[in-house]
Amino acid sequence: PAALRRTRYRWLGRRFKPDVALLWNRLDQQARVIDALGVRRCLYWEHGSAWLHGDDQARANVLARLPAIICNSHAAKRMLQLRWGYEGAVRVCPNGMRNRHTVKEFKQLPRDRALHIGVAGRLVPVKATCLALHTLAALHRRGIKASMSIAGDGPLRAELEQLARSLNIATHVRFLGVVKDMALFFSEIDLLLHPALREPFGVVVAEAGAMGCPVVCTAIDGLPEVVAHDQTGLCVTPTADLARYRELGGSSDGLPAAVYMPVHDTIDTPRVCEPQELAAAIESVTVDAERFSAMSHAAMVRVKQRFDFDSHVDDVMDAVKEYHATGTLEPRQ
């Protein structure tokens, strides 16, 4: 019950006396923490809650009280500003990747086997796995030999398996379910296809890049901040509406009302990439072996330089200390 939660937060505040409390996501539920600890000690950390369904009035009320916010991407910052009208200070602290596995060699195009495409994510509407299956079928129509491995599980698995059969590509697709060893998964694929409709940051594409996988993804939300277009992969601008998505076997269930369009710096309804355009992007990445290897190497370097985990921790702690000292966050380039 809400009253008991507020009481517990007040008790925790008296017991631990935090200088700063980081409020992680769940924007519409943070009022009780602010009430218990006081706004001066609360620093909200946005990781995608601004996209999700919830109590819009509660979110607006919380944002009106917060003097400063940390965001995990520029897309998250712009979503708060453009959709919710937030006018306070915002510090972007991109996610960091833990380097659990060391990859010494960049990837090279296979010469004696079909191209192996990876897809990773929960099998839910917002991840648009059905577009990946249509993309594989489009590649086959182009005469490109390719197979696909899908890491992840979810309520749409049976529908997606049926779609693969109806597209006559079932023998070229492996549904792996939940994969515990993602490093092995990334090492076995040649590139990652990520046609998601919403992705505030895009951890999976950063993980793929760290393992040397070029990425073909939707140019939506925070994905172009992680995948450097034409350097570590290709970001395909979505042009089709949700009616077209449903024609391709997609579902509108649980989709956000709005997403961030980086190309235009605007908020818009979710849109999807045409499978033919995704297939053309994959062909473009893989037609030139030298270019493919250059993208693989650049992806590894970019993740190491831009998304180092220790640097991420330092970045966040600098923001926390600044907020504790001043009650705000100064803008920075």
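Student: How many salt bridges does a search of the whole structure find?

Tutor: The search finds 12 salt bridges, the term denoting a side-chain nitrogen of Lys or Arg within 4 Å of a carboxyl oxygen of Asp or Glu. This is a predicted model, in which local features need pLDDT of at least 70 and side-chain atom pairs count only at pLDDT 80 or more, while totals for chains, interfaces and linings use all residues. Side-chain values use heavy atoms, with hydrogens and water left out, and residues are numbered from 1 along each chain as its sequence is written.

Student: Why is Arg78 called buried?

Tutor: Buried means under 20% relative accessible area, exposed over 50%, and partly exposed in between (1.4 Å probe, protein chains only). Arg78 has 17% relative accessibility and therefore counts as buried, whereas Asp265, at 32%, is partly exposed.

Student: How do you know whether Glu247 is buried or exposed?

Tutor: Its relative accessible area is 59%, so Glu247 is exposed. Its side chain meets that of Arg244 in a salt bridge of 3.2 Å, N to O, and Arg244, at 24%, is partly exposed.
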